[in-house]
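Trainee: Could you walk me through how to read a structure like this one?
Mentor: Gladly, let's open it and take one feature at a time.

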Amino acid sequence: MLDLVPVEEAASRARMIVHPNDLLVSMTRPSRGAIARAADHLPNPFIASTGFGVIRHVDTGRISADYLLLVLRSQISLRQMEQRSSGGNYPAITSTELKRIKLPIPSQTEQEALVAKYHNAIGVLKNARAEAAALLESIDDFLLSELDINLLPEIENTLINRKFRVAAADLSGWRFDPPVHQSKFSLESASLDSVPLGRICHINPRTSFGRLHDTDLAGFVPMDAISDRLGIVEYVDERRIEECSGYTTFCDNDVLWAKITPCMENGKSAVARDLTNGVGFGSTEFHVIRPRSTAVLPEYVHSLLRMGRLRREAKRFFTGSSGHRRVDDDFLKKLVVPLPPRSLQERLVQEIRAKRDQAIELEKSATAKLESAKREIEAILLGEAA
């Protein structure tokens with residue numbers, strides 16, 4: 001039923017030949033469920049890394065292709081893969097052991113019902129994510145409208161637009177690289193006071209740990225802890241303060257904004273909350289933005305820095321080599337932003353939070369339905385396997 005297929009003509013190139021509808025299984029840490037089917041529209045055949053096992057569906061009369069993919073991703077199969085893997089930090093499964101995976105095979109009618117149940121749950125989740133994405137994307141237009149910001153059209157990346165003039169005075173004490181001067185991006189409001197962000201916020205300030213001792217705990221926020229889609233810290237670890245050397249330090253209510261590619265473009269940013277002892281440290285790839293007074297809400301600043309247009313403009317301020325490019329802090333210091341009354345900031349933050357909470361709840365509910373469907377399917381499969 002499972003036919004692992006290394007093809008002879010691929011051997012000299014140390015690759016695996018894959019045809020449409022073949023299944024690709026990650027041979028390293030297979031229990032993570034990195035299993036996918038090659039789509040019909042892909043070239044026939046194509047070559048995959050030897051890090052994958054290729055499973056070719058041959059017993060079409062007994063098991064459907066959709067069910068085969070579903071059951072291989074089930075915990076019944078993943079647990080078997082984990083048990084049959086060997087190795088230290090990167091356990092892997094061999095072709096021989098992969099062939100020995102035992103799969104429950106219900107009737108064709110039952111297979112179709114299980115696949116339909118799973119696909120229905122996946123459809124609900126996709127729709128919820130699309131609705132959540134639309135809610136989150138609407139935040140930018142909402143802010144621009146409420147703050148009376150009229151952005152200039154984005155400059156197309158054409159050869160003619162790469163040729164422009166700039167006054168020598170504009171270069172004095174500033175960067176000379178052309179992209180920085182290609183346009184004068186600003187979030188200046190037509191009706192509200194507007195100031196450079198560096199005037200109302202400290203950019204990468206020092207963080208005092210006060211009277212805490214080296215053995216006391218602080219929050220630890222790695223880059224992975226921040227959701228790029230939702231703009232929240234999804235979890236906070238704890239580490240001793242003596243371990244903070246070499247990391248970026250911050251405290252509760254600081255805005256963390258990823259400065260490195262591609263994290264910056266993807267929107268990795270959040271307001272730090274609920275840090276152990278009120279302080280924390282984390283990735284060196286964070287810029288830390290701290291309001292200078294209570295007249296500026298960190299959530300308001302964060303909402304501005306999450307705007308898609310701003311992140312696209314920030315790319316012009318990258319420094320460094322390819323793959324390790326970063327936005328320097330001058331971009332943030334010089335960025336002109338509206339400074340509305342605190343009451344308006346509070347209203348904007350409240351409405352943005354409501355949109356974000358609604359998006360989170362949509363995804364949470366749909367994910368719960370998918371997990372429920374998976375449990376039902378697992379129970380049925382376990383009954384078949386018994």
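What follows is a short talk about the whole chain and then one residue.

Mentor: This is a predicted model, where local features need pLDDT of at least 70 and side-chain atom pairs count only at pLDDT 80 or more, while totals for chains, interfaces and linings use all residues. Residues are numbered from 1 along each chain as its sequence is written, and side-chain values use heavy atoms, leaving out hydrogens and water.

Trainee: How many helices and strands does the secondary structure of the chain come to?
Mentor: Helices (H or I, at least four residues) and strands (E, at least two) are DSSP runs, numbered from the N terminus. Here there are twelve helices and 18 strands.

Trainee: What share of the residues in the chain is buried?
Mentor: Buried means under 20% relative accessible area, exposed over 50%, and partly exposed in between, with a 1.4 Å probe and protein chains only. Of the 386 residues in the chain, 43% are buried.

Trainee: Where does S26 lie, and why does S26 count as buried?
Mentor: S26 is part of strand β3, which covers residues 23-26. S26 counts as buried because its relative accessibility is 15%.

Trainee: Which residues does S26 touch?
Mentor: A contact means heavy atoms within 4.5 Å. Leaving aside residues up to four places away in sequence, S26 touches A34, G51 and F52.
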